[in-house]
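Please read the numbered points alongside the sequence and the coordinates.

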Amino acid sequence: MSSIGTGYDLSASQFSPDGRVFQVEYAVKAVENSGTVIALRGKDCVVFAVEKLVTSKLYEAGANKRIFNIDKHIGMAVSGLISDARQIVDIARKEASNYRNQYGVSVPLKYLNDRVSMYMHAYTLYSAVRPYGCSVVLGAYENDEPVMYTIDPSGVSYGYYGCAVGKAKQAAKTEVEKLKLANMSTRDLVKEAARM
């Protein structure tokens with residue numbers, strides 16, 4: 001079958017004859033053209049490292065951050081279109097706040113991951129909207145253990161010990177696979193993330 005849209009890429013809710021949704025594939029391409037995010041889950045922490053692509057000397061230092069606090073125990077690193085990612089961060093913060101107001105405790109990461117991934121998936125279902133052009137990595141330390149999830153632009157999420165998204169994803173994944181993450185301390189993980 002043809003690898004170009006040929007009319008099947010006009011809507012996020014339309015499948016091509018070979019079963020592809022081109023709008024979602026375009027969103028994945030946006031992530032692949034962005035700075036790399038590496039997330040490592042050790043024995044007592046989750047470490048995020050992001051590659052910041054500086055395309056101009058005129059950028060102000062600290063602008064366009066790619067690591068965010070969602071709740072007092074949850075962090076998020078993003079790759080892809082930063083404006084789309086800020087929208088996802090806002091949704092995640094609202095979900096965490098609503099959970100705290102409703103139940104009086106911090107939101108479990110599994111619940112937050114499910115809510116955010118459902119939200120991102122909903123934007124792949126309707127022709128009036130487009131999929132988010134970002135992937136997010138959620139990490140937390142709860143119940144005396146670190147937890148980490150990655151959500152793709154399609155809304156699919158997986159739990160990981162180590163993952164990478166963005167431009168140099170494959171090279172970073174190769175390096176991550178060499179590590180014994182379950183036995184590594186925070187200091188070791190930070191050194192390894194900086195080395196990659």
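1. Two strands count as paired if DSSP finds at least two bridges between them. In this predicted model, β6 and β7 pair in the antiparallel sense over three bridges. Within that pairing, Y149 has G159 in β7 as its bridge partner.

2. In general, strands of a sheet pair through backbone hydrogen bonds, either parallel or antiparallel.

3. Strand β4 spans residues 74-80 and includes A77. Is A77 buried or exposed? A77 counts as buried because its relative accessibility is 0%, and the cut-off for burial is under 20%. Leaving out residues up to four places away in sequence, A77 touches V37, F48, V50, R66, I67, S135, V136 and V137. The C-alpha atoms of A77 and I38 are separated by 8.6 Å, with the two residues 39 apart along the chain.

4. Strand β6 covers residues 145-151, and T150 is found there. With a relative accessible area of 5%, T150 is buried. Which residues is T150 in contact with, leaving aside its neighbours within four places in sequence? They are V136, V137, V156, S157, Y158, Y160, C163 and V165. V136 and V137 are also among the residues that A77 touches.

Terms used:
Residues are numbered from 1 along each chain as its sequence is written. This is a predicted model: local features need pLDDT of at least 70, side-chain atom pairs count only at pLDDT 80 or more; totals for chains, interfaces and linings use all residues. Side-chain values use heavy atoms; hydrogens and water are left out. Helices (H or I, at least four residues) and strands (E, at least two) are DSSP runs, numbered from the N terminus. Buried means under 20% relative accessible area, exposed over 50%, partly exposed in between (1.4 Å probe, protein chains only). Contact means heavy atoms within 4.5 Å.
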